[in-house]
Amino acid sequence: MESNQGSLQLLILTLTAAITGGMAQFMANGIWFGGLSGVLYALTGFLWLQGERNHVSDLYLLRGLMLLTVSGLFIRWDEQPGIAQVAHNAGLMTGLLVACFL
């Protein structure tokens, strides 16, 4: 992504996803959380939507992988709700929204 769209856009996506995912997890569970998995979900959502919108782009994610990612979110939701699920969902939504505007 960085070589295709530039360092600034990667930085914007990373910081936006880290802030929104962290704030969502903080509001759901308090101060005891950490990690950047929400940023990985944001990158996943961003790459998938960029590939769907621009079929000739070098940025894409296979539909099956996106289906597996979203399925994993729903499957794990019932096991331990609240354990990073909020950050994962917020990250994915952030990636999709940023892809709409970049």
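Reply: Begin with a cut-off: a residue counts as buried when its relative accessible area is under 20%. The model here is predicted.

Me: Which residues of α3 are buried?

Reply: In α3 the buried set consists of Gly38, Val39, Tyr41, Ala42, Thr44, Gly45, Phe46, Leu49, Gln50 and Gly51. The helix covers residues 37-53, 17 residues in total. From first C-alpha to last, α3 reaches 24 Å, close to the 24 Å expected at 1.5 Å a residue.

Me: How should I read a nonpolar core?

Reply: In soluble globular proteins, nonpolar side chains tend to be buried together. In this model the largest nonpolar core has 16 residues, and Met1, Leu13, Phe46 and Leu92 touch the most other members. Two or more residues each come from α2 (7-29), α3, α4 (63-79) and α5 (85-101). The largest share, five residues, is from α3.

Me: Leaving out residues up to four places away in sequence, what does Phe46 touch?

Reply: Phe46 touches Met1, Gln5, Leu13, Leu59, Gly95, Leu96, Val98, Ala99 and Leu102.

Me: What does the side chain of threonine 94 make a polar contact with?

Reply: One partner is the side chain of threonine 20, at 2.8 Å. The threonine 94 side chain also reaches the backbone oxygen of alanine 90, at 2.7 Å. Not counting residues up to four places away in sequence, threonine 94 touches Thr16, Ala17 and Thr20.

Terms used. Residues are numbered from 1 along each chain as its sequence is written. This is a predicted model: local features need pLDDT of at least 70, side-chain atom pairs count only at pLDDT 80 or more; totals for chains, interfaces and linings use all residues. Side-chain values use heavy atoms; hydrogens and water are left out. Helices (H or I, at least four residues) and strands (E, at least two) are DSSP runs, numbered from the N terminus. The expected span of a helix is 1.5 Å times one less than its number of residues. Buried means under 20% relative accessible area, exposed over 50%, partly exposed in between (1.4 Å probe, protein chains only). A nonpolar core is a set of buried Ala, Val, Leu, Ile, Met, Phe, Trp, Tyr and Cys residues joined through side-chain atoms within 4.5 Å. Contact means heavy atoms within 4.5 Å. A polar contact is a pair of N or O atoms within 3.5 Å; within protein, one must be able to donate a hydrogen and the other to accept it, and residues adjacent in sequence count only if both atoms are side-chain atoms.
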